[in-house]
Amino acid sequence: MGRVTMVLVMLLLALPLSAMDRDGVRMVNSVRKAAGMIPLNNNAQLARAAYHHAKYLGRLRAKGHGERPGRKYFFGRSPFDRFIRAGYSTKVGMENISYGNRSYAESVGVLMSTVYHRLGFLDFRIDEMGSSEYGNRRGRIYVYDMGPSTVARLCRSGGTVRRGEYLYGVCADPKKKLSKRDFSKALASIERRNARIVLYPYPGMKNAPRRYIRETPDPVPKLYGAGVPITAQFNPAYYRRVSLRSFRLFDAAGRELKVKRITPGSDIHHKLPANTFVVVPYKRLQRGKSYRVELEATADGKRVKKEWSFRTGN
C-alpha cells in the first residue's frame with residue numbers, strides 16, 4: 001500500500017457524472033457515523049476539485065497536494081486554489097490523498113490507519129466533501145476534498161463588516177472580509193452537531209485495523225512495525241481546555257501494552273488539533289483480538305474518564 005499525504009485549512013468545467021464519485025463520501029460517512037459524528041453531504045464543486053487533482057497526479061505520475069503552473073492538467077497550485085476554481089466559495093477546508101489502492105474501501109481503510117489523515121476525516125468543522133479517483137486496476141489515486149458549508153454560505157452572502165474584528169483571505173473573492181465572530185459561529189454550528197468526545201477505534205468496533213500505515217508527514221518517524229493509532233478528540237464546542245492524565249492500552253489478558261503518546265504539545269509536526277490525544281502501540285496488534293482502552297483527562301476543571309473496547313479484524 002502506498003504512502004499518503006495531507007494538507008489541513010472561476011471556471012466551471014463539465015465533467016462526466018462518474019467523476020463526481022459518491023462512493024468515497026459514503027465510505028467516510030460510515031466511519032464518521034459509527035464514531036458519533038454527523039455525515040458529510042456530497043458537494044459537486046469539491047468533487048470537481050478532487051477529480052482534477054486526481055487526474056493531474058495520475059497523468060503526470062506525481063504525488064502531493066501541489067500542482068505546478070504550466071504543466072498539462074494544471075488546475076490550481078494548492079487544494080484551496082482548486083476549491084475556488086471549481087466553484088467552491090471558501091478556501092477553508094482540507095484534502096486527503098491515498099495512492100496505489102484498488103477501491104474506496106481500501107483507500108479509506110489506509111487513511112484511517114494513520115494519525116493526521118484520520119483526523120482529517122474526523123474533523124469537527126466539516127460537513128461536506130467531494131471525492132474522486134484516477135488510475136487503473138493495478139492501483140488508483142483517491143482524492144478527498146472537505147469543507148464547511150456554513151463558511152461557504154457566509155462567503156456567498158452579500159453582507160459587509162462595518163465594525164469589530166474581521167478576516168481576509170477566507171473567501172473566493174480576495175477582497176471579501178468576514179466578521180471574525182460570524183466565522184467562529186459558522187464553524188461552531190457544525191461542531192455542536194457532533195459527539196462531545198470522538199474515539200477511534202470506536203467503542204465496540206469489531207474489525208479495527210491492526211497496524212499503523214506510515215504517512216507524510218510522519219508523527220512517529222522512528223517507530224517501525226507500530227500498531228494502529230488510538231485517538232481521542234474533545235469537541236471544542238463543549239470543551240475549552242483539556243489536559244491528559246493517562247491514556248493506556250491493554251490486551252485481552254489485561255496486560256498493558258507499550259505505547260507512544262502524542263499530545264498537541266509533543267507533536268513534532270505541530271499538526272495535532274487542540275484537545276486531541278493519540279497513542280501508538282509499539283507493536284502491531286494481533287489478528288482477531290480484543291483490546292481495552294483507558295483514558296483519563298481533566299476537561300475545564302472536571303475529571304473525565306473513558307473506558308472502551310474494540311476488536312481487530314481477521
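Predicted model: local features only at pLDDT ≥ 70, side-chain atom pairs only at ≥ 80, totals over all residues.
1. Pairing of β11 with β14. Nine bridges connect β11 and β14 in the antiparallel sense. In general, strands of a sheet pair through backbone hydrogen bonds, in either a parallel or an antiparallel manner.

2. Aromatic pairs. Ten aromatic pairs are found in a search of the whole structure. One of them is formed by Y200 and Y202, with an edge-to-face arrangement: the distance is 6.0 Å centre to centre, and the angle between the planes is 65°. Y200 and Y202 are both buried.

3. A stacked pair. The ring centres of Y291 and F310 are 5.9 Å apart; the pair counts as stacked because the planes stand at 25°, under the limit of 30 degrees. This pair links distant parts of the chain, 19 residues apart: Y291 belongs to strand β14 (residues 290-299) and F310 to strand β15 (residues 302-311). Both residues, Y291 and F310, are buried.

4. Aromatic cluster. Four residues, Y104, F121, Y142 and Y144, make up one aromatic cluster.

5. Charges over rings. Two lysines deserve mention here. The charged end of K63 sits over the ring of Y99, at 5.1 Å from the ring centre. Likewise, K177 places its charged end over the ring of Y166, 4.3 Å from the centre of that ring.

6. The disulfide. How many disulfides does a search of the whole structure find? The search returns one, which joins C155 to C171 with an S to S distance of 2.1 Å. The link of C155 and C171 is left-handed, with -80° about the S-S bond. It connects distant parts of the chain, 16 residues apart: C155 lies in helix α6 (residues 149-156), whereas C171 lies in the loop between β6 (166-167) and β7 (178-179). In general terms, a disulfide is a covalent bond between the sulfur atoms of two cysteines.

7. Burial of the cysteines. Are C155 and C171 buried or exposed? C155 has 11% relative accessibility and therefore counts as buried. C171, at 1% relative accessibility, also counts as buried. The cut-off behind both assignments is 20% relative accessible area, under which a residue is called buried.

Technical notes
Residues numbered from 1 in each chain as written. Heavy atoms only, no water. Phe/Tyr/Trp six-rings, centres within 6.5 Å; stacked < 30°, edge-to-face > 60°. Buried < 20%, exposed > 50% of the residue type's maximum accessible area, 1.4 Å probe, protein only. Helix = DSSP H or I, 4+ residues; strand = E, 2+ residues; numbered from the N terminus. Lys NZ or Arg CZ within 6 Å of the ring centre and 35° of its normal. Disulfide = S-S within 2.5 Å. Pairing = 2+ DSSP bridges.
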